[in-house]
Amino acid sequence: MSVTDRIEQLEREAQAAAAAAASTVAIEELRVRYLGRRAELPNLLRDVAQLPTDQRGAVGSAANRARKEIEALLERRAGELAVAELEARLRSERVDVTLPGDPLPAIGRLHLITQTRREIEDVFIGLGFNVAEGPEIESVHYNFDALNHDPQHPARAWTDTFYVTDEVLLRTHTSPMQVRAMERTPPPLYLIVPGRVYRRDSDVTHTPQFHQVEGLAVDEDITLADLKGTLLEFARAIFGAEREVRLRPHFFPFTEPSVEVDVSCFACSGGLAAGGERCGICKGTGWLEILGSGMVDPNVLAGVAANGYDPERVQGFAFGMGIERIAMLKHGVSDLRLFYDNDVRFLEQFA
Ligand code: PHE
């Protein structure tokens, strides 16, 4: 076969192969096969110089023309295939923006303190209480004076309390909202107040900032029995339907009488664990202290008598609990500081 015939044959071969190629990748392979450094046609061109003089012109121009033809042909075919590939991709990746959303499941979970706060709120909302929040930066008036604190009360000391100025402090409890709420709303009043409180304390069982939920109920004919019944409902909702509560005498400046409230231990019976040994949770007493409370002191009501809180006409009970304490008891958390380390291995346990 003459060299020019071979060149024509190569051109026809390349044409057929390009027509059969199904992708731009296949075209790249053909480019290498027909025009690459080791392909036959470029080699022919390179060897033209070695041909007899009378053949050089014809072979050279035939090979050159064939190379240009094949180049153009592959280029054209690659273009067609690229368009087809893009169309196929657009078709397969089409997004229907009218479809309803498919949100990812939530990552993470609520902190145990938030979970516990909400759980406590739900119980009292179910009992007819409203939920309110109050300022964390509070006046000495609302934090102490209006709550019947003696001028010498130890909690007033700068060693116990964070003062901003002589008259302004970080609230040491949620109780200031008792007076704020009574100033704002006439009786009857059924309110709980969750929020952060601050004390200059720091050890295994105390952090300078922690959380409380205040409760206040003021109405006609409210008695200590209402307090006990309400807290029994609460204790059973949080710690189990079998629980009992007991009241122990105590002192708070703003309640009279004042009581501390215990719930019967949920981990043992009467202080004895299943194997007969002393219960580690309640230290063998059978009871767990959960909060402080009492009947609203008439001196506190007298301060807001103008808004309908005449102590001769209405009575009330109040209570205050630590959210961390409730969560620790309920979930067996041994160290208060775990709540604030935010180690996910701890947090993840409370789904
Ligand atoms: N404020 C009190 C405390 O922080 C708790 C309390 C609230 C007691 C309401 C009685 C009534 O310790």
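Helix α5 lies across β1, β4 (189-198), β5 (209-219) and β9, and runs at about 165° to β4. Keep in mind that this is a predicted model. Two things are worth a look here: an open sheet of 7 strands, and 1 cavity of 30 Å³ or more.

**The sheet**
- Going across the open sheet, the strand order is β1-β4-β5-β9-β8-β7-β6, with mixed pairing.
- At the edges sit β1 (130-131) and β6 (245-252), each of which pairs on one side only.
- In general, strands of a sheet pair through backbone hydrogen bonds, either parallel or antiparallel.
- For β8 (residues 287-296) and β9 (residues 315-322), the sense is antiparallel, over 4 bridges.

- α5 (112-126) covers β1, β4, β5 and β9.
- Helix α8 (residues 224-239) lies across β6, β7 (255-264), β8 and β9.
- Against β8, the α8 axis runs at about 150°.

**The cavity**
- The largest cavity holds about 30 Å³ of space.
- Its lining is made up of T116, E119, I238, I326, A327, K330 and H331.
- Which helices each supply at least two residues of that lining? They are α5 and α10 (323-331).
- α10 gives the largest share of the lining, with 4 residues.
- Sorted by class, the lining has 3 nonpolar, 2 polar and 2 charged residues.

How values were computed:
Residues are numbered from 1 along each chain as its sequence is written. This is a predicted model: local features need pLDDT of at least 70, side-chain atom pairs count only at pLDDT 80 or more; totals for chains, interfaces and linings use all residues. Side-chain values use heavy atoms; hydrogens and water are left out. On a 1 Å grid over the protein atoms alone, a cavity is a set of points where a 1.4 Å probe fits but cannot get out, and a pocket is an open set with protein on both sides within 12 Å along at least five of seven lines; lining residues have an atom within 4 Å of a point. Grid points are joined across faces, edges and corners, and a volume is the space filled by probe spheres set on the points. Ala, Val, Leu, Ile, Met, Phe, Trp, Tyr, Cys and Pro count as nonpolar, Asp, Glu, Lys and Arg as charged, and the others, Gly among them, as polar. Two strands pair if DSSP finds at least two bridges between them. Contact means heavy atoms within 4.5 Å. Axes are lines fitted to C-alpha atoms, for helices over the stretch in contact, and angles run from 0 to 180 degrees between N-to-C directions.
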